[in-house]
Amino acid sequence: MTTVLNHWIGGAESAAASTRTAPVYNPATGMVAKNVLLASSADVDGAVDVAAAAFPGWRDTSQARRQTIMFAFRELLNERMGELADILTAEHGKVTSDALGEITRGLEVVEFALGMPHLSKGEYSENVSTGVDVYTLRQPLGVVGIISPFNFPAMVPLWFFPLAIAAGNTVVLKPSEKDPTAANWMAALFTEAGLPDGVFNVVHGDKEAVDALLGHPDVQSISFVGSTPIARYIYETASAHGKRVQALGGAKNHMLVLPDADLDLAADAAVNAGFGSAGERCMAISVIVAVEPVADELVAKITERMGGLRVGDGLRGCDMGPLITEAHRDKVASYIDLAAADGADVVVDGRDVAVDGEASGFWLGPTLFDRVSVQSRVYIDEIFGPVLSIIRVGSYAEGLKLINASPYGNGTAIFTNDGGAARRFQNEVQVGMVGINVPIPVPVASHSFGGWKNSLFGDAKAYGAAGIAFFTREKAVTSRWLDPSHGGINLGFPQHD
């Protein structure tokens with residue numbers, strides 16, 4: 001009998017009311033590993049009610065106690081990340097080293113959250129008027145909702161819930177139904193660390209669960225990472241219900257390679273950034289903008305490196321695993337024929353890859369296109385798979401114009417040994433995260449993550465200072481303790497003495 005994954009509500013597994021389920025596959029075998037419950041609106045309401053009931057007690061828990069629990073969670077996560085990595089590999093398909101890297105980046109945010117007593121301090125101004133002091137407080141919002149994607153089932157939730165909880169909020173997390181087990185594992189670990197019941201809850205589901213969170217009057221904010229169309233929908237729907245929203249969308253990230261660049265370094269970076277995690281990440285490099293005359297040499301170096309990649313089961317020490325589902329694999333593979341029809345050179349066809357794994361897995365090998373037209377859907381669409389496109393340009397200015405014309409603005413990179421060109425690029429490019437000889441410029445936890453244009457909806461980026469501001473709200477207090485001898489009525493506007 002196939003195992004059914006339940007929700008996690010009030011500090012324990014909860015079957016709730018809805019009996020709808022969805023299959024959870026092992027992408028390396030193509031087989032159903034378990035089923036996951038899909039919450040109804042009533043189930044989401046129940047989880048929010050539990051979180052709302054837990055909020056006053058957690059809000060009033062001392063910062064010292066909150067930090068003790070957060071530190072215990074950090075220690076447990078650090079000690080047992082191998083368990084979580086195995087879950088990620090089994091349900092997402094990414095190789096073990098990639099899974100461990102994902103968890104480590106999420107752990108950075110947990111460690112950043114340990115500074116919450118300092119990071120959430122207010123300000124104090126004494127004697128702003130005679131006998132009057134003004135000070136500010138940063139207080140939690142209440143119940144916050146998090147909707148996370150399939151590609152980083154541990155890291156993306158960890159971008160949000162440690163900060164939300166450390167600030168005194170309670171959480172309802174809706175992870176992807178494609179790889180949901182990591183969310184329950186982290187919730188159980190947090191409970192083991194001493195987190196009170198109801199502070200961190202997980203509801204599994206599809207659009208019905210999402211819409212229930214977006215419209216629930218007791219949910220104060222929504223944090224989301226996913227595709228641009230869904231991010232726009234999340235932002236518009238949740239903000240129409242009066243909620244704070246941080247909705248991080250899709251990307252089409254370009255890497256500009258100048259003629260003076262170290263082409264071996266650039267080729268290594270292109271392969272790492274294009275095919276890591278099977279290209280299923282919003283910070284993947286999907287377009288190489290090669291400034292002539294280096295394109296031929298760069299294509300040759302990238303092709304050589306691609307030939308050495310092992311594709312297969314993530315538990316077998318391979319370099320790249322399968323894609324998340326059969327349907328997604330087939331969609332990504334369809335761009336190969338489309339590229340050829342649009343006149344691109346198919347340098348490496350990932351459909352021909354030999355895999356170290358079951359034939360029934362959702363495989364597609366690294367794929368490389370050259371001379372891609374900017375009019376082709378291969379260039380326009382966010383493919384979200386192991387597909388790298390080369391576009392040839394004649395100058396830095398032409399490459400910059402191409403990047404800035406993109407409707408996306410998540411990440412970009414420049415490879416050059418010219419400091420002046422790099423400095424000019426970081427100033428002129430219209431993208432939220434920039435790498436200089438760094439292909440995947442994901443900021444560390446003390447800085448915030450988020451793009452520009454159609455890659456971010458709402459003003460708030462993830463984690464860092466932006467995350468602290470998002471999960472708290474400022475209250476200003478004007479205080480005067482009257483001298484017992486003072487009195488009298490004055491209806492005029494207060495004056496400074």
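In which loop does Thr-29 lie? The legends below take up this residue and then several other parts of the structure, which is a predicted model.

**View 1. Thr-29 and its surroundings.** In the predicted model, Thr-29 is placed in the loop between strand E4 (21-26) and strand E5 (31-37). Leaving aside residues up to four places away in sequence, Thr-29 touches Glu-358, Ser-360 and Gly-361. Thr-29 and Ile-324 are separated by 295 residues in sequence, whereas their C-alpha atoms are 11 Å apart in space.

**View 2. The open sheet of three strands.** The strand order in this open sheet is E6-E7-E25, and the pairing is antiparallel. Because strand E6 (124-129) and strand E25 (472-480) each have a single partner strand, they stand at the edges, and one side of each is left without a neighbour in the sheet. From one strand to the next, the twist averages 30 degrees. Between E6 and strand E7 (residues 132-140), the antiparallel pairing extends over three bridges, and Ser-129 is found opposite Val-132 in E7.

**View 3. The open sheet of seven strands.** This sheet is also described as open, with its seven strands in the order E16-E18-E19-E14-E13-E21-E22 and with mixed pairing. Strand E16 (345-348) and strand E22 (433-436) are the edge strands, each of them pairing on one side only, and the twist from one strand to the next averages 20 degrees. E13 and E21 are paired in the parallel sense over four bridges, with Val-257 standing opposite Phe-415 in E21.

View 4. Helix H15 (residues 419-428) lies across E13, E21 and E22, and runs at about 165 degrees to E21.

**View 5. The packing of helix H2 with helix H6.** Helix H2 (residues 63-79) and helix H6 (residues 155-166) have axes that come within 10 Å and cross at roughly 155 degrees. Since angles over 145 degrees count as roughly antiparallel, H2 is therefore roughly antiparallel to H6. On the side of H2, the residues that meet H6 are Arg-66, Gln-67, Met-70, Phe-73 and Leu-77, and their counterparts in H6 are Leu-158, Phe-161, Pro-162, Ile-165 and Ala-166. By class, the residues of this contact of H2 with H6 divide into eight nonpolar, one polar and one charged.

**View 6. The packing of helix H8 with helix H9.** The axes of helix H8 (residues 207-215) and helix H9 (residues 228-240) are 9 Å apart, and the two helices pack at an angle of about 40 degrees, which means that H8 is oblique to H9. H8 contributes Lys-207, Val-210, Asp-211 and Leu-214 to the contact, while H9 contributes Tyr-233, Ile-234, Thr-237 and Ala-238. In the contact of H8 with H9 there are five nonpolar, one polar and two charged residues.

**View 7. The largest cavity.** Four cavities of 30 Å³ or more are present in the structure, and the largest holds about 130 Å³ of space. The lining of the largest cavity is made up of 16 residues, of which Gly-279, Arg-281, Ala-284, Ser-286 and Phe-384 are the closest to its centre. Seven residues of this lining are nonpolar, five are polar and four are charged.

**View 8. The second largest cavity.** With a volume of about 50 Å³, the second largest cavity is lined by residues including Lys-252, Asn-253, His-254, Ile-403, Tyr-408, Asn-410, Thr-412 and Val-431. At least two residues of its lining come from each of strand E13 (253-257), strand E20 (408-409) and strand E21 (411-415). The lining of the second largest cavity has three nonpolar residues, seven polar residues and one charged residue.

**View 9. Backbone details at Pro-293 and Arg-371.** Glu-292 and Pro-293 are joined by a cis peptide bond, for which omega is about 20 degrees, and Pro-293 is located in the loop between strand E14 (285-291) and helix H11 (295-306). Arg-371, although not a glycine, has a positive phi of about 55 degrees, and this residue, Arg-371, belongs to the loop between E18 and helix H13 (377-380).

Conventions: Residues numbered from 1 in each chain as written. Predicted model: local features only at pLDDT ≥ 70, side-chain atom pairs only at ≥ 80, totals over all residues. Heavy atoms only, no water. Pairing = 2+ DSSP bridges. Axes fitted to C-alpha atoms, helices over the stretch in contact; angles between N-to-C directions. 1 Å grid on protein atoms, 1.4 Å probe; cavity = no way out; pocket = protein on both sides within 12 Å on 5 of 7 lines; lining within 4 Å. Points joined across faces, edges and corners; volume = space filled by probe spheres on them. Nonpolar A, V, L, I, M, F, W, Y, C, P; charged D, E, K, R; others polar. Parallel < 35°, antiparallel > 145°, perpendicular 65-115°, else oblique. Contact = heavy atoms within 4.5 Å.
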